[in-house]
Amino acid sequence: MSNAPLTIIAITTAKPGKEAALGAAQEKLAEETLVEDGCLRYELHQSLDDGRVRIFVENWASEQQWRAHMEGAAMQRFQASGVGDYFADFALHRLTKVAG
């Protein structure tokens, strides 16, 4: 596990008719996550082309702190809320800066 800063891009697509419910849960998750240790940036964006698509852009001080977030209270509440049934698609990309 690397101690280098980590960028996460998470792309989610809501099932038709679940956009508002999933979006509200994601907004709450973003608000709670911003105060977590090691969270440098946690932004939620919505596609201009498809209102069902939302994209998280996250920056973490280290992979270890991101992993702690993934197992932490905010993520547990998010998952326990039942929003897993609202996803049509989900893609997670972990990135690290290599130059410049």
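**Figure 1. Burial and overall build of the predicted chain.** Of the 100 residues of the chain, 32% count as buried, where buried means under 20% relative accessible area, exposed means over 50%, and partly exposed lies in between (1.4 Å probe, protein chains only). This is a predicted model, in which local features need pLDDT of at least 70 and side-chain atom pairs count only at pLDDT 80 or more, while totals for chains, interfaces and linings use all residues. Residues are numbered from 1 along each chain as its sequence is written, and side-chain values use heavy atoms, with hydrogens and water left out. The chain contains three helices and four strands; these are DSSP runs numbered from the N terminus, helices being H or I with at least four residues and strands being E with at least two. Read from the N terminus on, the order of elements is β-α-β-β-α-α-β. The radius of gyration of the chain is 14 Å, close to the 13 Å that the globule rule gives for 100 residues, so the chain is as compact as a globular protein of that length. This radius is taken over C-alpha atoms, and the globule rule is 2.2 Å times the number of residues to the power 0.38. Along the principal axes, the C-alpha atoms fill a box of roughly 40 × 30 × 20 Å.

**Figure 2. The largest nonpolar core.** This core has 17 residues, and those with the most contacts inside it are Leu-29, Tyr-42, Phe-56, Trp-60 and Phe-78. At least two core residues come from each of strand 1 (6-14), helix 1 (19-33), strand 2 (39-46), strand 3 (53-60) and helix 3 (73-80). A nonpolar core is a set of buried Ala, Val, Leu, Ile, Met, Phe, Trp, Tyr and Cys residues joined through side-chain atoms within 4.5 Å. Not counting residues up to four places away in sequence, Phe-78 touches Leu-22, Ala-25, Gln-26, Leu-29, Val-83 and Phe-87; contact means heavy atoms within 4.5 Å.

**Figure 3. Thr-12 and Thr-13 in strand 1.** Thr-12 has its place in strand 1, and Thr-13 lies in strand 1 as well. Thr-12 counts as buried, at 2% relative accessibility; Thr-13 also counts as buried, at 11%. Apart from residues up to four places away in sequence, the residues that Thr-12 touches include Gln-26, Arg-54 and Phe-90. With neighbours within four places in sequence left aside, Thr-13 is in contact with residues including Val-53, Tyr-86 and Ala-88. Thr-12 and Tyr-86 are 74 residues apart in sequence, and their C-alpha atoms are 9.9 Å apart in space. For Thr-13 and Arg-54, the separation is 41 residues in sequence and 6.4 Å in space, C-alpha to C-alpha.

Figure 4. Cys-39 is buried, with a relative accessible area of 13%, whereas Arg-41 counts as partly exposed at 32% relative accessibility. Leaving aside neighbours within four places in sequence, Cys-39 is in contact with Thr-33, Leu-34, Asn-59 and Trp-60. Cys-39 and Ala-61 are 22 residues apart in sequence and 6.5 Å apart in space, C-alpha to C-alpha.

**Figure 5. Contacts across the sequence and charged side chains.** Among contacts in the chain between residues at least 6 apart in sequence, 73% join residues at least 24 apart. The chain has 10 positive and 14 negative side chains, and the centres of the two sets lie 2 Å apart. Lys and Arg count as positive and Asp and Glu as negative, whereas His and the chain ends are not counted. The place of a charge is taken as NZ of Lys, CZ of Arg, CG of Asp or CD of Glu.
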